[in-house]
Amino acid sequence: MARLAAASPAECTLATLGSFELRIRGKPIPNPATQKARALLSYLVLHRRTDVPRERLVEVFWAEAEPERARDSLNTALHSIRRGLRAAQFEPNDFIFANKSIIRWEAGVDLDVERIERALQTGDRELADAALAQYHGDFLEGDYDEWTVSERERVAGRYEELLAQTLRSTKAPDVAKKLLARNPYDEDAYATLIDAEVAAGRHFSAAQVIQQCRSALNEIGVVPTAAFLEKYAPLERALAKPPPGLEVPFVGRDAELADLAQFIDRKDADAPSVAIVEGEPGIGKTALIAQAVKRAASSGLRTTSLRAVCDDARPFAIWPALYASLSGKDFEDFLAATHGSVATELAEAIATLLPQPSMLAIDDAQYLSGDALATLIAIAKILAAQRAHVLLIGTRPEGLVQLSEGLGELQYAAVHLQPLPDSDVDTALALAGIEMDAATTTVLRTRARGHPLYLKGLLEQLVRSGALRREGMHWELAQPEADLQLPPSLRRLIEARIRARGSDAVLTACALAIEPSANANEIAQASGLNELAVLDALDDLLGHHVIVEPQSGPRPFIFAHDLLE
């Protein structure tokens with residue numbers, strides 16, 4: 001029988017951070033079939049050229065199984081590793097030695113987690129940059145065995161140390177952002193971002209970063225250091241009173257507020273404990289949730305408000321900070337003590353720690369995914385069963401889909417935000433002290449169509465152009481025939497919203513903007529996309545409320561707002 005190709009030391013690489021891949025001589029090896037087998041391979045590589053007793057491996061990976069079954073599971077996982085090597089035309093015995101007592105990984109391996117250690121020990125800038133670049137996620141993501149969780153936290157801690165070490169030597173804003181994504185309490189990282197904003201001339205933005213630092217540290221009951229305050233407090237004070245700006249007050253939403261008041265008071269024994277406020281970006285979800293939180297506080301509920309952020313790199317996003325503030329304990333200690341589903345145990349801990357009775361308000365839930373979303377869904381189910389607290393969630397349409405799927409048959413109060421009626425727009429203008437002629441008011445109403453974000457954007461554009469000017473306590477229209485152009489910032493937001501749906505959706509949306517009466521087949525012919533791709537794009541645009549299906553008329557689709565078109 002021909003002998004399969006062997007590899008010499010330093011020809012193997014193993015990636016475990018965010019993805020899993022073993023390569024030999026640059027050739028990818030098929031991954032073992034199960035998470036347990038991948039974790040076993042990682043363990044053997046971490047302890048390479050060491051005789052690891054089989055009993056030790058059984059104790060680490062199958063401690064709760066019956067002895068005979070545990071031994072069978074070890075053999076199955078080992079077979080899966082060997083099978084991958086064999087499938088790539090390598091002889092398994094060149095890499096793994098195994099007998100009845102011990103198992104040993106024989107070959108040399110360049111392991112991604114060890115690059116972090118080398119960079120920390122040597123202080124080499126090039127090594128550090130390479131180690132940071134290859135950190136695509138946490139160690140063996142998705143595996144919650146005790147050993148894996150412990151190693152994951154150790155590696156994550158060393159990664160944060162490397163970020164902090166690199167930050168001290170480079171003062172690089174991108175490194176500061178990565179560090180704050182994992183540790184939102186690092187004062188040096190905030191200082192780096194503040195200095196970068198000041199150097200770029202963005203002083204108001206720098207002041208906002210100072211406030212973010214204060215707010216984050218306040219979550220854990222501390223304040224910035226004296227050195228930080230001495231350096232940045234003058235900047236903060238100088239910018240504490242920005243130039244007078246146009247404020248559009250909260251108006252209307254009487255029906256929605258009444259629904260939320262009923263939800264908060266829960267006078268009906270069968271009233272749900274969970275409510276979801278849903279609407280497109282800028283329609284006023286955050287403002288409505290803020291009003292609901294005020295109502296809850298006045299009703300005697302203890303209120304806790306959290307807001308998810310886009311592209312949060314932390315696996316559990318907003319929840320570790322909440323757990324730490326409620327318990328006064330380290331989230332890492334909690335992780336080390338978990339035995340099953342971390343999301344479920346974290347939800348149970350938070351539900352237990354909430355002061356009774358409470359309202360927990362979560363805004364921008366569409367940004368939660370993976371473990372963070374699983375934790376929210378588990379909290380919702382627990383609070384619905386307990387009925388001691390209420391949970392209010394704000395989300396965009398795309399987030400409602402995944403929330404509804406996760407909640408299953410759980411009953412919740414649904415509040416869908418529609419555009420404001422003209423009467424509420426007129427009230428907002430009056431309360432803001434804006435005086436303009438009837439013709440301009442009509443044009444403004446027509447363009448904004450009751451959308452608070454568009455109304456505010458159009459008014460701000462009038463201020464920037466000089467058409468709307470402050471006169472004492474009022475705003476007056478200096479140019480009676482002012483042109484209500486779409487402001488660049490709002491245009492970028494709209495474009496980003498559509499582009500986020502993907503290139504097929506962009507092409508389809510553009511085709512509809514050019515030819516509003518086009519159907520799917522016509523769009524496919526004009527764009528070069530196949531009809532199935534166009535149908536998928538239309539479904540995506542409908543789901544995200546970029547377009548809607550009119551109840552009547554010749555057009556199969558119309559844009560949800562003419563500013564989008």
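## Pairing around strand 10

Two strands count as paired if DSSP finds at least two bridges between them; helices (H or I, at least four residues) and strands (E, at least two) are DSSP runs, numbered from the N terminus. The model here is predicted: local features need pLDDT of at least 70, side-chain atom pairs count only at pLDDT 80 or more, and totals for chains, interfaces and linings use all residues. Residues are numbered from 1 along each chain as its sequence is written, and side-chain values use heavy atoms, leaving out hydrogens and water.

Strand 10 runs parallel to strand 11 (residues 390-395), with four bridges joining them; Ala361 has Leu392 as its bridge partner in strand 11.

## A covered strand

Six of the six residues of strand 10 (residues 358-363) are buried (under 20% relative accessible area, 1.4 Å probe, protein chains only). Ser358, Leu360 and Ile362 point one way, while Met359, Ala361 and Asp363 point the other. In a regular strand, side chains alternate between the two faces of the sheet.

Elsewhere, three strands make an open, antiparallel sheet in the order 4-6-5. Strand 4 (52-53) and strand 5 (96-98) are its edges, each pairing on one side only. Three bridges link strand 5 to strand 6 (residues 102-105), and Ile96 has Trp105 as its bridge partner.

Note on methods: Buried < 20%, exposed > 50% of the residue type's maximum accessible area, 1.4 Å probe, protein only.
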